[in-house]
Amino acid sequence: MSLSFDPSSVALPSGHFIGGEWIDATGGIELLRPSDGAAFAACPIADADLVDRAVTTAKQTLASSGWARVAPRERTLALQRWADLIDAEAEKLARLEAIASTRPIAELMAVDIPVTAEQIRFFAELADKEGGDLVPTASDSVGLIATEPYGVVGAITPWNFPVNMAGWKLGPALAAGNAVVLKPSEMTPFATLYLAELSVRAGLPAGLINIVLGDGRTTGTAITGHPDIAKVSFTGSTAAGAAIMENIARTGIKPMTLELGGKSPQIVFADADLPLAAGAIARSILGNAGQACVAGSRLIAAESIAEELASLIAERMGQIRPGPTWEAGSGYSPIISERQIGRMESIVGAAVARGARCLLGGARLERPGYFYAPTLLDAVEAASPAVTEEIFGPVLTVQTFREEEEGLALADHSTYGLCAGLYTRDLSRALRAVNRLQAGTIWVNRYGRSRDHILPTGGYKQSGLGKDLGREAYLANRKSKSVLIAI
Ligand code: NAD
């Protein structure tokens, strides 16, 4: 059966989802479909009172359901039922996401939705395995490090992988015994609402997951500054992360996890397997049309192989299948908005005006919606915004080096340190580079996340604070209490 669907046939959830119930809301931010530019819905904006209602509901649900106090295995089983329902309802979730976002339906069905279910199961399994510790103290006492949930976690997610990002926040927070108030991006809110509805159908206490819709300024600020939000978990831009830190500092200090932007290098040494490197690099910048925090957007290649590598990458970047996200055959994403296309045009235009060579692309695709051609920019100045700024689009810059140290120095970004890719057959060189690179994730002779959810993800420098995924994400949702018992 084909996955293609008619976008006008999809009934969108409307309103906020609090305490297991829909709260009607109309008006708000007009939404345009990236695939064809058609206006199709609006995202209402929750004010501080509605956020307060969601937080109070979450708090009351924790008290009445005993979610934090039940045998941890009960949380495991409940979350596994939810993950099973996510798999069973994958097509509906995928449609709700595809219609508003840039994710093609085939990729949602093959990757985003099943991986989200898998990651929720991963965290569910940690609930009865990760705990405190019995620690060595003097023999007249027993020392314990006990852990307990925070209470109500405030989560805020970006527009680019809505369901998956919601899973990254909800999975560990709930497994660790918390309740959540989550605000999805105002641009892609629908699938997250359905994810929450499914949790209630799966038997999770209504009110454990509460979704409030809205923008960052009104709704986001109300969440991060709410006195009963005990911890904040955020994914989005570095600028918004900084604004959140400021708000938290002003309204009452609380722990936060910030997963922020990136401008990740791909370093290719002369001895690398070039076809392998070219494939990995092209996939990393074509995936979601470069609208991924991990996009490997800066190619740093040994001078002797740079030309051959660039032409291999260009060949792969030329093989795209653009199309509306609701058509099964579409394999190349639109850009989220006209504004983002304009930003790309201005950054690429400025680089070319200052001498960069456009080896491929450099313009929007002439078709309905917001599509931008895969773009390869050679001879770019190191100080050009094309090299320094997170473009969040399918733009790959090329810089070259002669000596190993020169290449690694180029890789070092003054602001970002999310990920790095490196390609070499020399094990010693790979390990030297791994030691030297300042990034939260380093991929060697491959690029991009695997299904090894045990590996935490998070940034160095201004790419973030704390980790998502892995044990670290689970433990970040519990606070620790040191206990010393005299015998
Ligand atoms: P964004 O920062 O504009 O918005 C992200 C979310 O934060 C949205 O829900 C938005 O409404 C909210 N927000 C904005 N300002 C806020 C404020 N002052 N207080 C509270 N909430 C606020 O980012 P975006 O355009 O949605 O997403 C793209 C960005 O996200 C890129 O920079 C990308 O690198 C980053 N990202 C990072 C990761 C990661 O794991 N590090 C993953 C995905 C995306």
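**Exercise 1. Find Gln119 and its polar partner.**
Work out which helix holds Gln119, whether Gln119 is buried or exposed, and which side chain joins Gln119 in a polar contact.

*Solution.* 
Step 1: Gln119 sits in helix α4, which covers residues 105-126. Keep in mind as you go that this is a predicted model.
Step 2: Check the accessibility. Gln119 has 4% relative accessibility, and the cut-off for buried is under 20%, so Gln119 counts as buried.
Step 3: Look for the partner. The side chains of Gln119 and His453 are joined by a polar contact of 3.4 Å.
Step 4: His453 belongs to the loop between β19 and β20. With a relative accessible area of 7%, His453 is buried.
Step 5: From Gln119 to Pro162 you count 43 residues in sequence, and the C-alpha atoms lie 14 Å apart in space.

**Exercise 2. Two residues with positive phi.**
Ala289 and Asn445 are up next. What is phi near in Ala289, and what is phi near in Asn445? Then say where each residue sits and how accessible it is.

*Solution.* 
Step 1: Read off the angles. Ala289 has phi near 50°, which is positive although the residue is not glycine. Asn445, also not a glycine, has a positive phi near 55°.
Step 2: Find the loops. Ala289 is in the loop that runs between α9 (274-286) and β13 (298-302). Asn445 is in the loop between β19 (441-444) and β20 (460-461). That loop also holds His453 from the previous exercise.
Step 3: Compare accessibilities. The relative accessible area of Ala289 is 0%, so Ala289 is buried. Asn445 comes out at 32%, between the 20% and 50% cut-offs, so Asn445 counts as partly exposed.

**Exercise 3. Describe the ligand site.**
Which residues come nearest to the ligand, and which polar atoms lie 3.2 Å from a ligand oxygen atom? Also, how much of the ligand does the protein bury?

*Solution.* 
Step 1: List the neighbours. The ligand has 29 residues around it, and those that come nearest are Thr157, Lys183, Glu186, Ser237 and Glu390.
Step 2: Sort the shell by type. It splits into 14 nonpolar, ten polar and five charged residues.
Step 3: Ask where the shell comes from. Domain 1 (7-260 + 464-486) and domain 2 (265-453) each supply at least three residues.
Step 4: Go through some polar pairs. At Trp159, a polar side-chain atom is 3.2 Å from a ligand oxygen atom. At Gly216, a polar backbone atom is 3.3 Å from an oxygen atom of the ligand. At Ser237, an N or O atom of the side chain is 2.6 Å from a ligand oxygen atom.
Step 5: Get the burial. The ligand taken alone exposes 850 Å², and the protein buries 88% of that.
Step 6: Name the elements. Those giving two or more residues to the shell are α5 (162-175), α7 (216-224), β10 (231-235) and α8 (238-251).

**Exercise 4. Step back to the whole protein.**
How many helices and strands does the protein have, and how compact is it for its length?

*Solution.* 
Step 1: Count the elements. There are 15 helices and 22 strands.
Step 2: Compare with the globule rule. For 487 residues the rule gives 23 Å and the radius of gyration is 23 Å, so the protein is as compact as a globular protein of that length.
Step 3: The C-alpha trace spans about 65 × 65 × 45 Å along its principal axes.
Step 4: Of the 487 residues, 56% are buried.

Terms used: Residues are numbered from 1 along each chain as its sequence is written. This is a predicted model: local features need pLDDT of at least 70, side-chain atom pairs count only at pLDDT 80 or more; totals for chains, interfaces and linings use all residues. Side-chain values use heavy atoms; hydrogens and water are left out. A residue is near a molecule or strand if one of its heavy atoms lies within 4 Å of it. A polar contact is a pair of N or O atoms within 3.5 Å; within protein, one must be able to donate a hydrogen and the other to accept it, and residues adjacent in sequence count only if both atoms are side-chain atoms. Accessible areas come from the Shrake-Rupley method with a 1.4 Å probe; for residues, only the protein chains shown count as cover. Helices (H or I, at least four residues) and strands (E, at least two) are DSSP runs, numbered from the N terminus. Ala, Val, Leu, Ile, Met, Phe, Trp, Tyr, Cys and Pro count as nonpolar, Asp, Glu, Lys and Arg as charged, and the others, Gly among them, as polar. Domain bounds come from an automatic or database domain assignment. The radius of gyration is taken over C-alpha atoms; the globule rule is 2.2 Å times the number of residues to the power 0.38. Buried means under 20% relative accessible area, exposed over 50%, partly exposed in between (1.4 Å probe, protein chains only).
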